[in-house]
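Hi everyone, thanks for coming. Let me put the structure up, and then we'll walk through a few places in it together.

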Amino acid sequence: MAGFFKKSWAVKLVSLASVFILVQLLISAGFIDSYIQATIATICINIILAVSLNLITGFTGQFSLGHAGFMSIGAYVCAIITLRIGTTGSFILGVFAGAIAAALVGFLVGLPTLRLKGDYLAIATLGLSEIIRIIFTNLKITNGAAGLSYIPRFVNWFWIFIFTVGTVLLIVNYIKSSHGRACIAIREDEIASEAMGINSTRYKVTVFTIGAFCAGIAGALYASYFYDIAPKTFGFLKSIDVLVIVVFGGLGSISGSILAAIVLALISTFLQSFSEIRMILYALMLIIIMIFRPQGLMGSKELSLSLFKKAGKLFSKKERV
Amino acid sequence: MIKIEQFLQQVFNGITLGSIYALVALGYTMVYGIIKLINFAHGGIYMIGAYVGYFCMTFLKIGFFPSLLSAMTICTLLGVTIEKIAYKPLRNATRIAALITAIGVSLFIEYGTMFFVKADVRSYPALTGLLAQKFAVGGFNVSMLQVLILVITVALMFLLQITVKKTRIGKAMRAVSLDKDAAELMGINVNSTITFTFAIGSALAGAAGVLVGIYYTSINPLMGTMPGLKAFIAAVFGGIGLIPGAMIGGYFIGMVEVMVSGYGNSMYRDAVVFGILILVLIVKPAGLLGKNTREKV
């Protein structure tokens, strides 16, 4: 990221803009129907969720199973605000209010529970997301188990693109900063990094809060795009879905998470009418990847232009020989 | 005013539910004690136990006790198979990798079962004869069924205690959970000891599955998730890795759940149990009977 403000910066900006314009043109021209649009929205929301969970689990090594809980906070806060005041301004307000509410809960819960190690943390976060779900099922303002419906849709390709790129950039830049290096040190060896003067609790709580914030954004986008939300949407299986994406793409690889989000969304679109087979496939994938390639398919490698150049050089060398 | 008979009735219901949690929690705690892995698949094994019992009683029409024994046998085989295929290759992997595998195995069992028997709720056949009777003791009702559950649980726990304390393999189990490397140097076959632990834990979970089937009479492929998590919470509450801790924790969680449903809002039942978990982890992570240990570098 040292050269972020140099040539590569321009390349990235141009490629991002062209992706945006291409999809926008296809939508306007009617090549992308509403079904494909919904798939694209799901992919983008999953990218936000997976990248933020990767920050917590892949880069900092803290195993969290509570992502669906934070997502539901964002979704409900945004839905309640946009149902009361139905303007685009209120939607933006809703997204940020939802994200901040999720971050606040993440901070308050992370402070005591992040002292726990590995599996205890997993169970505590799982318990937390179940508690959040049960509270939403019992509150009046969230309309109980039936959930909220007729949420006005303000999300379109523009907003989804902006928020997805925004969160990914936020997390990538965090990882490339000295904070991010501290997090990776904690993942590699917590005691050694403490000895090097890294305040591990502070970094873990920060990462957890950022992760919750991003999950809140994803939830708000979900609520605004899919009209209705219910507590059961954000159950344990939603957290597992996100975990599968992170593990599949690689623990510690942002581009891996993005690729995995796209590939898995396509797989689940094909298997839509066989939900049991989809879950069996996911389960087998988790087991097989963990046994044969525990760091995930991409490991901690990133997909980049230089990687292609290296691969190209490798091939040309072989040809010369 | 809380009526005393009603309260006693609730206490008895709590003990019945608690025995089932205790049986499941024992499997969790033994596996955790020996390889430091939360065996998420344990809830799935418990569900399989319930289904095997159901098929034995409904289609094979063998009585309750033979069904209980066949459920325990099949669950033992299942537990050992899971250990051999999924967990053994990960013996030296990171904790996260093992935990993700455990989640994968649990999902695989649940949705695999759902694929074969469909997601419908099935109801257990009603018991007949002596086991179906109810009688009143000083103002509150006790069913023979509840007595049966209690007797079976206590008997199984007694057997477990004898196995762990008095037999050679029990000694090996205790040795491996204290120090795996030292145990290996002393000539203990660590792998077969771990397999044996999985076998015992799975048999107990299978028994718990059949008992919960006859007690609540309805079963479905996802029935194991929640009780599995709650049994784990029970194990953590009592001090994970400790067999008496799991028993105390199981009865405590069962009692709390029944009391919250009886005198509070039953919708918040699960939330209270998870709240207890978070509280225990913050206040005394080693659990009720556990000792705090310092982490060595």
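Let's start in chain A, where helix H6 (residues 157–176) and helix H9 (residues 200–225) pack at an angle of about 170°, with axes 11 Å apart. Before going on, a word on the model: it is predicted, so local features need pLDDT of at least 70 and side-chain atom pairs count only at pLDDT 80 or more, while totals for chains, interfaces and linings use all residues. Residues are numbered from 1 along each chain as its sequence is written, and chains are lettered from A and ligands numbered from 1 in the order in which they are written.

Helices here are DSSP runs of H or I with at least four residues, numbered from the N terminus. Axes are lines fitted to C-alpha atoms, for helices over the stretch in contact, and angles run from 0 to 180 degrees between N-to-C directions. H6(A) and H9(A) are therefore roughly antiparallel to each other, the word for angles over 145 degrees.

Who makes this contact (C-beta atoms, placed from the backbone, within 7 Å)? From H6(A) come Ile160(A), Phe163(A), Thr167(A) and Tyr174(A), and from H9(A) come Ile210(A), Cys214(A), Ile217(A) and Leu221(A). By class, that is seven nonpolar, one polar and no charged residues. Nonpolar covers Ala, Val, Leu, Ile, Met, Phe, Trp, Tyr, Cys and Pro; charged covers Asp, Glu, Lys and Arg; the others, Gly among them, are polar.

Staying in helix H9 of chain A, please find Ser224(A). Is Ser224(A) buried or exposed? Ser224(A) is buried, because 26 other C-beta atoms lie within 10 Å, and buried takes 20 or more. Among the residues that Ser224(A) touches, leaving out those up to four places away in sequence, are Cys78(A), Phe91(A) and Arg153(A). Phe91(A) is 133 residues away along the chain, yet its C-alpha atom is 8.2 Å from that of Ser224(A).

Now over to chain B. The axes of helix H2 (residues 42–60) and helix H3 (residues 64–87) of chain B come within 8 Å and cross at roughly 140°.

Finally, how do the chains meet? 32 residues of chain A are in contact with 34 residues of chain B. The largest share of chain A's side, 14 residues, comes from H5(A). By class, that side has 24 nonpolar, five polar and three charged residues.

Conventions
Helices (H or I, at least four residues) and strands (E, at least two) are DSSP runs, numbered from the N terminus. Two residues are in contact if their C-beta atoms, placed from the backbone, lie within 7 Å. Angles under 35 degrees count as roughly parallel, over 145 as roughly antiparallel, 65 to 115 as roughly perpendicular and the rest as oblique. A residue is buried if 20 or more other C-beta atoms lie within 10 Å of its own, exposed if 12 or fewer, and partly exposed in between; C-beta atoms are placed from the backbone.
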